[in-house]
Amino acid sequence: MNTAQTPSVRSIKLAAFFDILPLSIAVIPWGVLCGSLAIQVGLSPLQSQLMSLLVFAGAAQLSALTLVGVGGGIAATLGSTAVISSRHLLYSATFRHDALGLPLHHKILMAFLLTDEMFAVTENKRNELGHFPLDYALISGATFYVIWNLSTLAGIVAGTSIPDLDSLGLEFAIAATFIAMVVPNIKSSPVLIAVLVSACSAVLLHKFDVPNGLLLSALFGMVVGYRLDKETS
Amino acid sequence: MSYDLIFLMALITFFMRYAFFMEKLPVKLDLRVQRFLSYTAPCILTAMAAPIVFGEVTFNTHDLANPFLLGGILTIMLSLLVKNTLFVVLASMGIFFALKALL
């Protein structure tokens, strides 16, 4: 640890850890589920952990394991991984400008740690600071990575699915964190309308079980917001 | 499931996250695209949160006992009043679990 660090550098590292903590805690049940489901559908403990270590994408892992459980093929598994992960293209595009100037190892590390949660807290911090905080991105991403893998390990060790895990309501922490990040950043009517469009379409698509509804509803809001933005400017 | 499949999945997810970090990508993100992308965070975070809060809304008296709905609305109100994100998250989680225990 560099002792010459200024307090602001140190506090941004602490902030990265604490900002991602509620999201990391909320994801523990899904990590446990991923680990135990992997064992149940016949993966070895090593394979089960490798999945979280290398793939590091909760929704994609859970859907792949479900497909394996029902005897789905390789193409179906890879196809669902691609579709579910496609929203990360948006995150990558959003950070492109800041990432291009980074050395290769930082770019690779950043991309590897770029989850929904890391994107959420880092984009929020970037807006607050007015520049891209690399340390913040890497620390929040790494914190999330460690907790995700430890919770997978807990699921592998437990082996069988732990009942009532999803009735704890921990996903509320995700909703609360995202609301607390979005609401203060609604500073113009295009943003407000974009957010309302995304919210309404997300609830509707969720009710009708539309595949990839998350990405679609986000894109609806983005298109509407952008068009209004162009008209007002 | 084979090791190959796990590695292929890892490659796919990594590619989606790395795609736009490639300098050689034949795409130029001009100011208009950057403005469009500035809507990514509010829209995608809302799209994740909204079904958790409003997904089980039934438009009848059951809604009065739905801790996700009540907690979510309280979180929105708190976020308008208090600027500290961590405080809002912790307070609303406290409220949510209290509601869940009571209702």
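## Basis of the model

Residues are numbered from 1 along each chain as its sequence is written, chains are lettered from A and ligands numbered from 1 in the order in which they are written. Because the model is predicted, local features need pLDDT of at least 70 and side-chain atom pairs count only at pLDDT 80 or more, while totals for chains, interfaces and linings use all residues, and side-chain values use heavy atoms, with hydrogens and water left out.

## The two domains of chain A

Chain A is divided into domain 1 (9–184) and domain 2 (186–232), with bounds that come from an automatic or database domain assignment. The C-alpha centres of domain 1 of chain A and domain 2 of chain A are 23 Å apart, and eight residues from each of these domains take part in the contact (heavy atoms within 4.5 Å).

Between them the two domains of chain A bury about 590 Å², of which 70% is on carbon and sulfur atoms; buried area here is the accessible area (1.4 Å probe) that two parts lose on being put together, summed over both. On the domain 1 side, R87(A), L90(A) and V182(A) supply 55% of the area buried against domain 2 of chain A, more than any other three residues. There are zero salt bridges between domain 1 of chain A and domain 2 of chain A, where a salt bridge is a side-chain nitrogen of Lys or Arg within 4 Å of a carboxyl oxygen of Asp or Glu.

## Salt bridges

Over all chains the structure holds seven salt bridges. One of them pairs K107(A) with E23(B), with the closest N and O atoms 2.7 Å apart; K107(A) lies in helix α6 (residues 104–112) of chain A and E23(B) in the loop between α1 (3–18) and α2 (31–37) of chain B, so the pair joins two chains (helices are DSSP runs of H or I with at least four residues, numbered from the N terminus). K107(A) is buried at 5% relative accessibility, whereas E23(B) is exposed at 53% (buried means under 20% relative accessible area, exposed over 50%, partly exposed in between, with a 1.4 Å probe and protein chains only).

Within chain A, K125(A) and E128(A) form a salt bridge of 3.3 Å, N to O, and they stand three residues apart in helix α7 (residues 116–129), about one helical turn. K125(A) is buried at 12%, while E128(A) is exposed at 56%. In chain B, D30(B) and R32(B) meet at 3.1 Å, N to O, with D30(B) partly exposed at 31% and R32(B) exposed at 53%. D98(A), E123(A) and R126(A) are linked in a network of salt bridges.
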